[in-house]
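Visitor: I'd like to learn how to read a few packing features in a model like this one. Could you take me through them?

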Amino acid sequence: AQRWVLKAPHYNGSEDSILTIFPDAKFIITHRNPLKVASSLPSLYANFLKAYSDVDWNDIVGPMALNGLIGLMQLHLSIRENKPNIEFLDINYSQLTRDIEPVIEQIYQHVGIPLSDESRARMLHWNNNNTQHKLGVHQHTLDDFSLNKALVETSLAGYIKAFSQYF
């Protein structure tokens with residue numbers, strides 16, 4: 001049987017729906033400091049919209065992205081609280097970008113697939129040749145999107161309390 005691997009943070013909060021189709025699904029959740037996510041996500045949206053409009057979307061996409069993030073994280077926390085049998089592996093995003101080898105091993109162990117030396121070597125080779133920020137660092141701040149630290153921390157307090165050890 002083939003495994004289907006999905007890598008997308010926007011699946012957080014959709015675990016119940018995914019399990020109705022894939023009842024043996026296992027989830028790998030990367031956790032990143034919400035203060036960074038809260039400016040990164042609207043930056044992605046704003047840059048996408050630039051291709052289709054001359055309007056400056058920054059003041060709109062900031063609150064929109066934060067509200068979406070709040071909703072997803074509330075659903076995710078609720079699912080984890082009410083469905084303790086779901087298999088989650090929580091990973092520190094910073095560790096993933098700094099020292100990927102132990103993360104690869106954790107993931108393979110979590111999903112029950114043997115990790116061959118060849119697969120490990122190929123992943124490490126790819127990672128070493130495609131480092132984060134290889135093509136430069138994309139700069140963005142909360143202020144760019146009409147957001148601030150207090151608002152993000154208050155809005156995501158439950159998530160921060162539950163998972164701050166991962167960021």
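Predicted model: local features only at pLDDT ≥ 70, side-chain atom pairs only at ≥ 80, totals over all residues.

Visitor: How do I read a pair of aromatic rings, and how many aromatic pairs does the structure hold?

Guide: In general, a pair of aromatic rings is described by the distance of the centres and the angle of the planes. Here the structure holds five aromatic pairs. One of them joins Y159 and F167, with 5.8 Å centre to centre and 20° between the planes, and that pair is stacked.

Visitor: Let's move on to helices. What should I look at, and at what angle do α2 and α3 pack?

Guide: Two packed helices are described by the angle between their axes and the distance between the axes. For helix α2 (residues 34-50) and α3, the angle is about 130° and the axes are 8 Å apart. So α2 is oblique to α3. The crossing of α2 past α3 is right-handed.

Visitor: Which residues make the contact of α2 and α3?

Guide: From α2 you have V37, L41, P42, Y45, A46 and L49; from α3 come N58, V61, G62, M64, A65 and L69. By class, the contact of α2 with α3 has 10 nonpolar residues, two polar ones and no charged ones.

Visitor: Let me try the other pair. How do α5 and α6 cross?

Guide: The axes of helix α5 (residues 100-111) and helix α6 (residues 117-129) come within 11 Å and cross at roughly 140°. That makes α5 oblique to α6. Handedness next: α5 passes α6 in a right-handed crossing. On the α5 side, the contact is made by I100, E101, I104, E105 and Y108, and on the α6 side by R120, M123, L124 and N127. Those residues of the α5 contact with α6 divide into five nonpolar, one polar and three charged.

Visitor: Now a loop residue. Is F145 buried or exposed?

Guide: F145 is buried, with a relative accessible area of 4%, and it lies in the loop between α6 and α7 (149-155). Leaving aside neighbours within four places in sequence, F145 is in contact with S39, P42, S43, A46, N58, V61, G62, P63 and H140. P42 and A46 belong to the α2 side of the contact with α3, and N58, V61 and G62 to the α3 side.

Visitor: How many residues along the chain separate F145 and S40?

Guide: They are 105 residues apart along the chain, yet their C-alpha atoms are separated by 9.8 Å.

Visitor: One more: where does H76 lie, and what does H76 touch?

Guide: H76 lies in helix α3 (residues 58-82). At 0% relative accessibility, H76 counts as buried. Not counting residues up to four places away in sequence, H76 touches N12, G13, E15, I29 and F88.

Terms used
Residues numbered from 1 in each chain as written. Heavy atoms only, no water. Axes fitted to C-alpha atoms, helices over the stretch in contact; angles between N-to-C directions. Helix = DSSP H or I, 4+ residues; strand = E, 2+ residues; numbered from the N terminus. Parallel < 35°, antiparallel > 145°, perpendicular 65-115°, else oblique. Left-handed = near helix turned anticlockwise from the far one by under 90°. Contact = heavy atoms within 4.5 Å. Nonpolar A, V, L, I, M, F, W, Y, C, P; charged D, E, K, R; others polar. Phe/Tyr/Trp six-rings, centres within 6.5 Å; stacked < 30°, edge-to-face > 60°. Buried < 20%, exposed > 50% of the residue type's maximum accessible area, 1.4 Å probe, protein only.
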